[in-house]
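This briefing accompanies a structural model and is written for a reader who is new to the subject. Please keep the sequence and the structure in view while reading the points below.

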Amino acid sequence: DTGVSQDPRHKITKRGQNVTFRCDPISEHNRLYWYRQTLGQGPEFLTYFQNEAQLEKSRLLSDRFSAERPKGSFSTLEIQRTEQGDSAMYLCASSLPGHATAGYTFGSGTRLTVV
Amino acid sequence: AQRVTQPEKLLSVFKGAPVELKCNYSYSGSPELFWYVQYSRQRLQLLLRHISRESIKGFTADLNKGETSFHLKKPFAQEEDSAMYYCALTGNSGYALNFGKGTSLLVTP
């Protein structure tokens with residue numbers, strides 16, 4: 001297990017296209033999180049899964065965004081009809097069962113550029 | 001509402017000098033606070049947690065509830081400490097981290 005993996009590392013897409021990102025967490029981590037980071041800002045919480053259940057969504061997650069974790073393992077984040085404002089680094093993290101106090105393990109992120 | 005403020009975007013110190021990265025928070029309950037670090041071309045990683053009261057790589061941070069602060073300190077900075085540092089808070093939810101905007105630390109020889 002090499003940690004949290006994200007694919008792709010970079011994605012350039014035209015405005016209006018749909019994109020999908022994948023995250024593979026550490027296998028024994030049942031909690032998975034998606035964050036978005038724009039230039040000059042810290043990561044912003046998007047959504048959180050415990051196993052396959054999506055338990056919380058930020059209001060940053062508009063209707064164009066959807067996330068899934070179908071079998072409680074990997075997760076996907078889809079953005080429909082991309083806009084230039086969606087350009088950002090999308091980070092995935094996972095944590096041990098229990099509490100976030102244990103600390104997250106982050107992936108390297110997927111950098112999305114919408115042109 | 002939860003808020004984390006890191007007032008300095010950039011902090012530059014000489015090697016061997018003390019360093020303090022400031023973090024202030026606002027939260028009505030009992031927060032849990034963290035420092036995360038991102039070295040050049042590496043992923044964001046946990047540096048330390050207030051609940052552990054630990055010292056990692058010579059860094060310490062004390063939660064001051066009266067001043068609502070969680071400043072990160074190191075007595076003698078090293079060049080390898082140059083990185084982006086983020087203070088983060090989690091509240092009652094226990095899962096969502098609220099990050100500050102980060103402070104870029106540059107340690108020069």
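The link of Cys23(A) and Cys92(A) is left-handed, with -70 degrees about the S-S bond. The two cysteines belong to distant parts of the chain, 69 residues apart, with Cys23(A) in strand β3 (residues 19-24) of chain A and Cys92(A) in strand β9 of chain A. The model is a predicted one, and a search of the whole structure finds 2 disulfides over all chains.

**Disulfides**

- In chain A, Cys23(A) is joined to Cys92(A) by a disulfide with an S to S distance of 1.9 Å.
- Are Cys23(A) and Cys92(A) buried or exposed? Both Cys23(A) and Cys92(A) are buried, a word that stands for a relative accessible area under 20%.
- In chain B, a disulfide connects Cys23(B) with Cys87(B), and the S to S distance is 2.0 Å.
- The link of Cys23(B) and Cys87(B) is left-handed, with -65 degrees about the S-S bond.
- Cys23(B) lies in the loop between β3 (19-21) and β4 (24-26) of chain B, while Cys87(B) lies in strand β9 of chain B, so the pair ties together parts that are 64 residues apart in sequence.
- Cys23(B) and Cys87(B) are each buried.

**A sheet in chain A**

- An open sheet of 4 strands is found in chain A, in the order β1-β3-β8-β7, and its pairing is antiparallel.
- Which strands stand at the edges? They are β1 (5-7) and β7 (65-68) of chain A; each has a single partner strand, so one side of each is left without a neighbour in the sheet.
- From one strand to the next, the twist averages 15 degrees.
- β7(A) pairs with strand β8 (residues 75-79) of chain A in the antiparallel sense over 4 bridges.
- Ala67(A) has Leu77(A) in β8(A) standing opposite.

**The largest pocket**

- The space in the largest pocket amounts to about 780 Å³.
- Its lining consists of 24 residues, and those nearest the centre of the pocket are Phe45(A), Arg59(A), Gln2(B), Leu97(B) and Asn98(B).
- The elements giving two or more residues to this lining are β5 (44-50) and β6 (53-57) of chain A, together with β1 (3-5) and β10 (98-99) of chain B.
- Which element gives the most to the lining of the largest pocket? It is β1(B), with 3 residues.
- Sorted by class, the lining of the largest pocket has 9 nonpolar, 9 polar and 6 charged residues.

**The second largest pocket**

- The volume of the second largest pocket is about 550 Å³.
- The second largest pocket is lined by 26 residues, and Gln37(A), Met89(A), Ser108(A), Arg111(A) and Gln38(B) lie nearest its centre.
- At least two lining residues each come from β9 (88-95) and β11 (110-114) of chain A and from β9 (83-90) of chain B.
- The lining of the second largest pocket has 9 nonpolar, 13 polar and 4 charged residues.

**A loop residue in chain B**

- Where is Ile56(B) found? Ile56(B) is in the loop between β6 (45-49) and β7 (60-61) of chain B.
- From C-alpha to C-alpha, Ile56(B) and Val4(B) are 22 Å apart in space, and they are 52 residues apart in sequence.

Note on methods
Residues are numbered from 1 along each chain as its sequence is written. Chains are lettered from A and ligands numbered from 1 in the order in which they are written. This is a predicted model: local features need pLDDT of at least 70, side-chain atom pairs count only at pLDDT 80 or more; totals for chains, interfaces and linings use all residues. Side-chain values use heavy atoms; hydrogens and water are left out. On a 1 Å grid over the protein atoms alone, a cavity is a set of points where a 1.4 Å probe fits but cannot get out, and a pocket is an open set with protein on both sides within 12 Å along at least five of seven lines; lining residues have an atom within 4 Å of a point. Grid points are joined across faces, edges and corners, and a volume is the space filled by probe spheres set on the points. Ala, Val, Leu, Ile, Met, Phe, Trp, Tyr, Cys and Pro count as nonpolar, Asp, Glu, Lys and Arg as charged, and the others, Gly among them, as polar. A disulfide is a pair of cysteine sulfur atoms within 2.5 Å. Buried means under 20% relative accessible area, exposed over 50%, partly exposed in between (1.4 Å probe, protein chains only). Two strands pair if DSSP finds at least two bridges between them. Axes are lines fitted to C-alpha atoms, for helices over the stretch in contact, and angles run from 0 to 180 degrees between N-to-C directions.
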